[in-house]
Amino acid sequence: LGIRYRQMMVIVLLDIDGTLLTAGGAGRAALVAAMRQELGPDIPEAKVEIAGRTDRGILGDLLMAYELPGDEENFLRLLQMYLDHLPAELERATGHVLPGVPELLSELAEMDEAYLGLLTGNVAVAARAKLAHYQIHTPFLFGGYGDDHADRGDVAAAAIADAERHLGR
């Protein structure tokens, strides 16, 4: 009858921590190590909520908790310290890929019209470090990360915009 159907495209955005893997506290440990590098080995650990938050938001709260200037220069310096400590903390931690994740990623990768991306509060460098450490080599084509946004809703919007740029639709 001349009816044409558009092939459906599926965009899958996955979080890292608690969805693909558990890093066994490596992120928190790297943050503590960074703050102790900055302020001395005897500082108490600040009680800052980490779960479900972006790295930008967490580091911003740490700067406030320790009464440090919350400017971009301090943020970038502490972020770099965190990233410097993260690989060693990943080695020490008892994290793992969550059950069913390898099979899910394999099935999604085989689907012709499924496109995988990340939607994570991790900064992009930390996201890549965690995925590489746990040997998740799925080609995530686009994503939203905690580099530029403290709010996860903004990260989601960035992930969708990146998917549209990458896929051209």
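This is a short chat about a predicted protein model.

Reader: How much of the chain counts as buried?

Author: That's 43% of the 169 residues. Buried means under 20% relative accessible area, exposed over 50%, and partly exposed in between (1.4 Å probe, protein chains only).

Reader: OK, and which residues have the most contacts inside the largest nonpolar core?

Author: Leu-20, Leu-62, Tyr-82, Leu-105, Leu-131 and Phe-140, in a core of 42 residues. Such a core is a set of buried Ala, Val, Leu, Ile, Met, Phe, Trp, Tyr and Cys residues joined through side-chain atoms within 4.5 Å. Helix α3 gives the largest share of this core, 8 residues.

Reader: What is Leu-62 in contact with, leaving aside neighbours within four places in sequence?

Author: Leu-31, Met-35, Ala-46 and Val-48. Contact means heavy atoms within 4.5 Å.

Reader: Back to α3. At what angle do α3 and α5 cross?

Author: Roughly 15°, and the axes of α3 (residues 72-92) and α5 (residues 124-133) come within 11 Å. Axes are lines fitted to C-alpha atoms, for helices over the stretch in contact, and angles run from 0 to 180 degrees between N-to-C directions. The two helices are therefore roughly parallel to each other; angles under 35 degrees count as roughly parallel, over 145 as roughly antiparallel, 65 to 115 as roughly perpendicular and the rest as oblique.

Reader: Which residues make that contact?

Author: On α3, Tyr-82, Leu-83, Leu-86, Leu-90 and Glu-91; on α5, Val-125, Ala-126, Ala-129, Lys-130 and His-133.

Reader: New topic: where is Gly-121 found?

Author: In the loop between β4 (114-119) and α5.

Reader: Does that make Gly-121 buried or exposed?

Author: Buried, because its relative accessibility is 4%. Not counting residues up to four places away in sequence, Gly-121 touches Asp-15, Arg-53, Thr-54, Asp-55, Gly-146 and Arg-152. From Gly-121 to Ala-150 is 8.3 Å in space, C-alpha to C-alpha, and 29 residues in sequence.

Note on methods. Residues numbered from 1 in each chain as written. Predicted model: local features only at pLDDT ≥ 70, side-chain atom pairs only at ≥ 80, totals over all residues. Heavy atoms only, no water. Helix = DSSP H or I, 4+ residues; strand = E, 2+ residues; numbered from the N terminus.
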